[in-house]
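Morning, everyone. Please have the viewer open.

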Amino acid sequence: MTADVDHAPAHPPASQAARRRWSRFRATLAVLATQLAILVALLAFWEQATSSNKAFAFMFGSPSAIGGFLVQMVRDGSLWRDTSITGLETLLGFFVGNFIGTLIGLSLWYSRFVSRVVEPFVIALGSIPIIALAPIIIIWFGTGLVSKVAMSTLSVVIVALVTSYKGAVGVDPDQINLMRTLGASKFQVFRMLVVPASLTDIFAGLKLTVGFALIGAIVGEFMSSSDGLGHAIFKAGSLYVIPKVFAALVVTIALALFLTFLVGKIERLLMPWRRRL
Amino acid sequence: MTAGIEAAATQAAAALTEPLLVVEHVAKSYDLNGQIVPVIGDLSLTLREGEIVSIVGPSGCGKTTLLNTLCGLLVPDSGHIRWHGREVLGQPQNVGYMLQKDLLLPWRTALGNTLLGLQIRGVAPAEAEDRSRAMLDQLGLHGFADHYPSTLSGGMRQRVALARTLVNEPDVLLLDEPFAALDFQSKLLIENDTVALVRRGKRSLMLITHDIEEAVSLADRVIVLSKRPTRVKAVYDIELGGERMDMMAVRESPDFSRYVRRIWADLDVVLQ
């Protein structure tokens, strides 16, 4: 006879918890070590392949040359300047685009009529490749910061609108009925149920749009600018300084990772109930 | 002029004498892709003050439609629904509503979920919190007020949902299979607590359920519904004697199984 009664205490002893934490840490460590090994192997192969062949080195750059350019960019201050400019454009576009998009997306929940009227226009706007708008944007907003922020905003706004609207209309109708039987007004349903329930989708949108905002800013810089990471990439590319293109790309990737990390941090701060899931 | 006053007087008198809830010849149908599907045929029933009534019926007989109609979430095609002798537009006052799904908001703690109704009605935060804590304590959730729903068991979550309903001190509870998803032990315990709180607070309860044993053990009266379009098929006054606070003890009485068998026969379930 096997009495399968679980007598595990609610709070395992400290040593057991520590052991579990240690084994989880070891699993994470194994993943990190493997990732690092793959990266090192790739870089080593790249370095090896390009060091023996001048033409290859010219075409593909090499990790050491990229590193050299990174050091040089740090020394002459262009790394910090370009990164901060592109970062500022990206952040402004990200905030403005998400703010407007989320506001419209959520408020479309209020009226089935308005959302049906607006739907084809949203789809039409969403299908425009933003790059195609770049020349007009430069004409309208000039070659400074504003045109890049506008590009970045445009790349973000439709995605933010669609994801937040999807979140808002995805709220369980039973939950809305419950709020109504508790006497909630439409605005109370919106504020106490629809907005927080949409947070998951809104944050999924935020994570997605970090990249879009950065692409918008960089495309704007490609078109016309005197600084920023996009400008650095464009200039190095047209001068055939390929390692410098890669160096600027590495910085761009680092910027994207940093911004995504920030969004994740804010998400965990704003949605504490999801931490333990 | 006098006629108007007289009419108002008769209405007031009716409000005093009429049962808490009167449903008269209610019909409701849905439009499914241009095809009219009658769900409720012609339904009349009453719920008196302090009474517990169970409603059972075959699957898909429109029990949930009935409940949503009573709550004012759906408008009947014809017929009348009177609360305290009056027809109500929109949501009736002092009616608590609870479904099989606990519908707890995951971003609110047990306490936050419980005080939702009080917050909506603008009760002062401190008072709302005190009342909600007291209600959670009464339902055996002392110490879990600050837990998020994702960390609670199914039975505990349903208790929080019950606390959310009861903290508003409704005169009437409308429950739609509230315990159907729970295991047998949790179910009996929460049934006991529900009945105790309803009887002690002199509230009324309408319980919609699939579970005939649950229907008989809890209720003063069981209403059996027919297949769609739904109408009342039979009504049983359940007389099992005594206070009936213990849902396990009730099940041991020989009359209990007699009721269950008769209702089962009424439901006319085809065994395959």
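**A strand and its neighbours**

Start with strand E9 of chain B, residues 221–225. Four of its five residues are buried, so E9(B) is largely enclosed by the rest of the structure. Buried here means 20 or more other C-beta atoms within 10 Å of the residue's own, with C-beta atoms placed from the backbone. Strands are DSSP runs of E, at least two residues; helices are runs of H or I, at least four; both are numbered from the N terminus.

A word on the source. This is a predicted model: local features need pLDDT of at least 70, side-chain atom pairs count only at pLDDT 80 or more, and totals for chains, interfaces and linings use all residues. Residues are numbered from 1 along each chain as its sequence is written, and chains are lettered from A and ligands numbered from 1 in the order in which they are written.

Now the pairing, which takes at least two DSSP bridges between two strands. Strand E3 of chain B, residues 52–56, runs parallel to E9(B), with four bridges. Val53(B) has Arg221(B) as its bridge partner in E9(B).

What about strand E10 of chain B, residues 232–237? That one runs antiparallel to E9(B), joined by five bridges. Ala234(B) in E10(B) stands opposite Val224(B). A hairpin of six residues links E9(B) to E10(B).

**The contact between chains**

How many residues does each chain bring to the contact? Chain A gives 15 and chain B gives 17. Contact means C-beta atoms, placed from the backbone, within 7 Å. On the chain A side, helices H8 (173–181) and H9 (186–223) each supply at least two residues. H8(A) has the largest share, six residues.

Conventions:
Contact = placed C-beta atoms within 7 Å. Buried ≥ 20, exposed ≤ 12 C-beta atoms within 10 Å, placed from the backbone.
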